[in-house]
Structure formats: structure tokens, C-alpha cells
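Here are my notes from a read through this one.

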Amino acid sequence: MSDKLAHMNSDNRLKVYIETYGCQMNLADTEIVLGIMSKSGYSPTDTMNDADVVLLNTCSVREHAEEKIRQRLSTIRSQKPDKPNLVVGVLGCMAERLRSNLLDGRKVDVVVGPDEYRRLPQLLEGALAGNQGLGVRLSRTETYDDIIPFRAEGISAWISVMRGCDKFCTFCIVPFTRGRERSRTLAGVVNEVEQLVRQGIREVTLLGQNVNSYRDGEKDFADLLAAVANVEPSVRIRFTTSHPQDLSDKLIDTIAAHDNLCKYIHLPVQSGSTRVLEAMNRTYTRDHYMELAKRIRARVPGVALSTDIIAGFPTETDDEHRETLSLMEEVRYDGAYMFKYSPREGTPAYKMGDDVPEDVKTKRLSEVISLQQKISYEINESLVGRTFEVMVDGTSRKSDEQLSGRTDTNKTVVFPRGTQKPGDVVKVKIDRVSMATLFGEVVCIHN
Ligand code: SAH
Ligand code: SF4
Ligand code: F3S
């Protein structure tokens, strides 16, 4: 028996530390993994130095994301001489993409992809006894519906309602690392929301790579949203990410009809050029997208929209790049996540080459970013003098004297500390703004 197993048998629970990279679905998966691990007798720790098992839940979406993990693994390994029994594991999308390659060189002890987390305790037991472990099969059915996630205390919770993606955008690695689309049951999700509400959660975010593709028999995502919204009208419900192809009128009307469904839609466009959108296999044209954005604005007054944009997709011309800028001017997003195209081996776009020179990509990305910063600032500036209901998150990052919270349109609001606690809703009148934050004074308190 290894020292570690002897340690475990002495009733001193082994400690597991997880670092999470990538999207919110990875954050939600980390909670599922910690749920599985705690049930198997491990205790979660926030301090890597205390840990017997260190897991990195990784992202493969761009090369840069993977480089960060490689560096992190080297750093962790360099600490290994004084921790000879430390077990290091890679989870998530990089585990799924690189599989046993990650085990070469013995830097990593276990490699477990997103659909095999139930096997982690067994694989870790092997690793603690000195055997490397690999679990990277994808599943058509795994949704972890019955796993109780291990959640940190707070007022917000995430729930992955569907997993995988069947869209196969040509640039994207996700369908290969997360497998096919599948959904949790509507009853299972509603039940979890009910429990969370009983535990004091004030905000729930429903997650999926492509959340609008949610299906449970005849029930679609609009039905799920309505059911979740009805659990407790004072609990805010958010969701992400929406693919433009599946954002139905029924869904728009459902958002409009429930006060607690947040008036904020993340609607990635990727490019403003119909030719590029086609090369990306995004399945909509610029005109379709614009009509959708207009319909949303008409039916959901005050709605905030955000997006994702890729600069320098293969074959993108200067004119096509300018179409992205003009679309941004037309839609006027409240915020955007903006990236340089990063070729991912195995995706269809990889075969198109990476023909936009690096300096051109950099220039296009910086133009996209500056334009978005200008628009975000202008939108925020137009809100000065308005009063918003703000749900308190906690202390402002910059000062203990200030609290911070969010509007239902997902804007961060900072205001002087009073007696409010996280989860309370306060009315704040905005008196100044920056590109990313609104500042104001509380005008009256209710909860
Ligand atoms: N499911 C979501 C997004 C998943 S990945 C959706 O469909 O919108 C998040 C974002 O990363 C994408 O929207 C895209 O803008 C970006 N992205 C994905 N692959 C990329 C790549 N190869 N290079 C650069 N950005 C990429
Ligand atoms: Fe990737 Fe497209 Fe699926 Fe989003 S919809 S995860 S961008 S393949
Ligand atoms: Fe990254 Fe995987 Fe999410 S590639 S963005 S962690 S689904």
C-alpha cells in the first residue's frame, strides 16, 4: 500500500485542489467533480500546498489557453521534488483533445475528459498507487443529472442543463472535446433550482454551449426557462450561450414575459460578413442576425446584448473585417469577447490554412476592441441619471467602502456600502460611468 493510501485509511481525508480554466461550463464541471470526489472521501481545499491531488480543469479553445496550462503543469511539477506523492491530473477539454499524449514524460498522472468524471475516484486510487490513468471516452448520454455539485457558498449558482455541441463551426474544437448534444431532464433541473432556492441562492445561470438546443421530449429551452422562472419570482435567472440559429420567437417572448428572466442575451455573431459566416458554418447570414437582433430589441425593451467576435479567420479580407465593424456599430453591443483566430488541429478551418498574417490579425483585433470600448462607454454614459435594481454581489474589488452588484442587464454597479448584504436588491441611481462599470447612490432599499 502506498503512503498516500495509508494516510487515507488513517481517517485523514485526502485533499483535492482544482484550478479551473475556460468557460463557465468548466466552472460548473469543477463543482460536479468536487461533488464526486467528496462523496468518495476526499476533502476539497483552496490551497494547492495542502493538496494530495492537484487537478487542472482545462480549456482547448485557443492555443494560448493550452500554453497557459503547459506552463502551469511545469510549475506544479517543479514543486514535486519535495512532494514525491503529489498526484497531478488534467481534466476538461485539453484532456479530451490530447488524451494519452499528456501522459508521456510522466508529468501527469491522470487524464480525464468531460464525460468520464465518475471514474475519477477509481483512476486516482490507481494513481496514488503509482499507476497512470486515462478516461477519455465521450458519451451520448452522460449529463451528471444525479450528481450533487459541491458549491462554494454564495448567492449565485450555475447549472449545466445541456452538454456537448452539434453545430461544428469550422473553427471550433468544442464538438470534438465535449461530444454530442444531450440535455438534462426538465424535472431534474427544476428540482435542483428548488433546492438551491431553499438554500438561499438568489441567482441561477443555466449553462450550455448551445443552450437553445435544450430538449426534453416535447419541451424546449423556452419551456425550461419558464419552468425555472416560476420556481421563485424573486430569484434571477440567467442563461448562456445562445446560438443565433436556435433563438426562437417563443424564447424571446418567454424572456419578455417573466420579470426574473434577466434581460441580457449573449448572442455570439463571430463575424459581420455573410461570406465569412458561411465559411465558419455559422448557419445564418448577416441579414438574419440583424433581423434577429432587431426582433429581440423590439420585444424585450431595455435588453442588453453581448457577443463573441473572431478577428482574422482564414481568408477574411479587409473589407470583410470592416463588415464586422459596421455590424458592431449597427447592433451596438453592451459588451463583447473578442479573439484572434487560433487554428485548432482537427477542425475543418485548420485545413484552410491560417493565411491572415499575425500583424494583420493584431490590427483587426485592436480595431474591434477599440470600437467595442467606445460603444460600451457610450451606452453606459446614456444611463447616467437612470435608476436600476441592483442585486448585491459583495464588496467592490477596488474599495472596502463600496459594494458591487449587477443589474439584470448584467452591468456591474458600484455604490457606497450601507447595511446591504449579498443577494439583496437595491435601487441605485447612476451618477457616473466607466467603460465597464456604473457608479451611483442607493435611492431606496427593498428585498
Ligand atoms: N458555444 C458558444 C461559444 C463557445 S467558445 C457559441 O457558440 O457561441 C467561445 C468563443 O470562443 C466562441 O464564440 C468564439 O468566438 C471563440 N473561439 C472558438 N474557437 C476559436 C478559435 N479557434 N480561434 C479563436 N476564437 C475561437
Ligand atoms: Fe463551438 Fe460553434 Fe458549438 Fe459554439 S456553436 S461551441 S462556437 S461549434
Ligand atoms: Fe474551453 Fe472546453 Fe469551454 S474548449 S471554452 S473549456 S467547452
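Predicted model: local features only at pLDDT ≥ 70, side-chain atom pairs only at ≥ 80, totals over all residues.

1. I'd start with strand 3, residues 53–58. How many of its residues are buried? Six of the six are, so strand 3 is largely enclosed by the rest of the structure. The burial holds on both faces: V53, L55 and N57 sit on one side, V54, L56 and T58 on the other, and all are buried.

2. Strand 3 has partners to look at in turn. With strand 1 it pairs in the parallel sense over five bridges, and in that pairing V16 stands opposite V53. With strand 4, residues 87–91, strand 3 also pairs in the parallel sense, again over five bridges.

3. Is E19 buried or exposed? It counts as buried because its relative accessibility is 11%, and the cut-off for buried is under 20%. So what does the E19 side chain meet in the way of polar partners? The side chain of Y21 makes a polar contact with it at 2.5 Å. Setting aside neighbours within four places in sequence, E19 is in contact with M48, L55, L56, N57 and R72. Of that list, L55, L56 and N57 are buried residues of strand 3.

4. Next, strand 15, residues 304–311. Eight of its eight residues are buried, so the strand is mostly covered. A304, S306, D308 and I310 point one way and L305, T307, I309 and A311 the other way, with all of them buried.

5. Strand 15 also pairs with strands 14 and 16. Strand 14, residues 264–266, runs parallel to strand 15 with three bridges between them, and H266 is found opposite S306. Six bridges join strand 15 to strand 16, residues 335–340, and these two run parallel as well. A336 in strand 16 is the bridge partner of T307. From strand 15 the chain passes through helix 12, residues 318–331, to reach strand 16, and this β-α-β crossover is right-handed.

6. On to ligand 1, which has 15 residues around it; the closest are Q209, P268, Q270, D308 and S342. One of its polar side-chain atoms lies 2.6 Å from an oxygen atom of ligand 1. Q270 brings a side-chain N or O atom to 2.7 Å from an oxygen atom of the ligand. For S342 the backbone is involved: an N or O atom there lies 2.7 Å from a nitrogen atom of ligand 1.

7. Ligand 2 is surrounded by C165, K167, F168, C169, F171, C172, V174, P175, Q209, H243 and R282. By class, this shell divides into seven nonpolar, two polar and two charged residues.

8. Around ligand 3 are C23, N26, T58, C59, S60, V61, C93, R178 and Q209, which divide into four nonpolar, four polar and one charged. T58 belongs to strand 3, where it is buried. Do check Q209 too: this residue is listed around ligand 3, around ligand 2 and among the closest to ligand 1.

Methods. Residues numbered from 1 in each chain as written. Chains lettered and ligands numbered in written order. Heavy atoms only, no water. Buried < 20%, exposed > 50% of the residue type's maximum accessible area, 1.4 Å probe, protein only. Polar contact = N/O pair within 3.5 Å; in protein donor to acceptor, adjacent residues only side chain to side chain. Contact = heavy atoms within 4.5 Å. Near = heavy atom within 4 Å. Nonpolar A, V, L, I, M, F, W, Y, C, P; charged D, E, K, R; others polar. Helix = DSSP H or I, 4+ residues; strand = E, 2+ residues; numbered from the N terminus. Pairing = 2+ DSSP bridges. Right-handed = clockwise from strand over helix to strand, strands pointing away.
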